[in-house]
Amino acid sequence: MKAIVETGVKKLEIQEVATPIIQPDEVLVKIRANGLCTNDIRDYIGDTKWSYPRIGGHEFSGQIVEVGAEVNSNHFQIGDHVVKYIIPACGECHYCKIGRENLCVEIYTSPTFQNPNGISGFWGLAQYMAVKSKNLYKYPKHIPFEQSAFTEPLACVVNSVQRAKLEYGQEVLVIGGGVMGLMHVMLAKLQGTRVMLSEPNEERRKLGEKLGADFTFDPTKVDAVETVKDQTAGRGADVVFNTTAIPAIAQQAIAFTANGGQTYMFSSMHPNDPIPTDMGAIHSHEKVVTGTVSPTIPTFYRSVQLIAKGLIDITPLLDKIFDYEEAVEAFEYAMRPETLKTIITFD
């Protein structure tokens with residue numbers, strides 16, 4: 001089969017690699033679409049800790065072309081459209097046992113990230129993948145693969161929003177109008193909150209308004225903290241989702257937050273520089289500052305339901321589609337800061 005292999009910094013090759021041979025409890029999935037994530041771009045430019053060679057791609061969808069003998073035919077059959085829960089959780093550690101698979105202690109030592117004797121990666125940028133049936137989720141066949149490929153990133157946002165336990169009428173601020181920020185806007189609005197969006201790019205602010213933001217502003221043109229307070233009777237936002245990777249904005253996110261409110265650091269900080277924090281204010285004003293990362297199994301399932309049932313429309317976030325043979329062009333395009341979701345497809 002063909003695969004897009006990262007062999008080094010900004011080095012992509014279309015290589016012939018062995019097609020997986022499935023085990024009795026597995027299916028063979030033909031990958032049809034894969035979205036490029038910020039982490040894929042970091043791997044591409046060498047800003048990574050993971051081993052090369054690497055076959056990236058974790059936002060993928062596909063179609064079953066072979067079924068193992070032990071797979072329940074009532075659940076999965078040849079031709080089904082599917083996605084995979086991609087976290088390489090061990091299933092045995094403390095976090096796996098309490099339903100927080102996204103915090104599994106074995107994730108980053110797994111071959112997905114470190115494979116000195118072979119190819120690391122999630123393998124969504126290859127034509128075929130062997131998948132344990134327990135990790136599969138089925139989609140109706142009328143849902144395009146380019147849409148179901150949004151399952152994993154949306155699941156990350158579902159995890160974020162569900163952890164906040166949003167309540168009707170709350171004031172929510174989303175910092176950053178990229179793909180993940182705009183998904184936060186959509187889901188927060190679905191929860192009956194008033195949503196504000198902080199984003200310097202005018203086109204993204206306009207898109208945010210179409211997707212549900214009640215108020216948008218350019219934080220480079222106004223006093224951002226005062227603007228949010230003006231919108232919230234001087235209190236600040238009840239819940240702040242920071243979807244940017246800039247440490248200085250993480251510090252500002254706490255300042256946006258009302259007394260008794262919650263600040264969620266959704267993005268990894270990059271670079272991960274320490275920031276000064278007013279711990280006295282966190283104590284005295286009972287502010288909660290925490291992080292969110294990756295989906296759990298339940299939040300991944302909820303993401304499937306949202307897309308499959310048409311409860312949200314993620315198509316406005318799809319920017320451009322490339323064939324796998326145009327991999328370099330796709331990665332270079334996805335690096336442009338003004339773009340939204342870039343997808344690579346396989347025939």
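## Exercises: core and rings

**Exercise 1.** Leaving aside neighbours within four places in sequence, which residues are in contact with leucine 317?

*Solution.* Contact means heavy atoms within 4.5 Å. With those neighbours left out, leucine 317 is in contact with Phe150, Val179, Leu182, Met183, Met186, Leu207, Leu211, Leu340 and Lys341.

Some ground rules come next. This is a predicted model, in which local features need pLDDT of at least 70 and side-chain atom pairs count only at pLDDT 80 or more, while totals for chains, interfaces and linings use all residues. Residues are numbered from 1 along each chain as its sequence is written, and side-chain values use heavy atoms, without hydrogens and water.

**Exercise 2.** Find the residues that touch the most other members of the largest nonpolar core.

*Solution.* Start with the term: a nonpolar core is a set of buried (under 20% relative accessible area, 1.4 Å probe, protein chains only) Ala, Val, Leu, Ile, Met, Phe, Trp, Tyr and Cys residues joined through side-chain atoms within 4.5 Å. The largest core has 87 residues, and Met183, Phe241, Leu317 and Ile344 touch the most other members.

**Exercise 3.** Describe the aromatic pair of phenylalanine 113 and phenylalanine 122.

*Solution.* Rings of Phe, Tyr and Trp (its six-membered ring) pair if their centres lie within 6.5 Å; planes under 30 degrees apart are stacked, over 60 edge-to-face, the rest tilted. The structure holds 12 such pairs. Here the centres are 5.6 Å apart and the planes make 85°, so the pair is edge-to-face. Next, burial: phenylalanine 113 is buried at 7% relative accessibility, and phenylalanine 122 is buried at 15%.

Technical notes: Buried means under 20% relative accessible area, exposed over 50%, partly exposed in between (1.4 Å probe, protein chains only).
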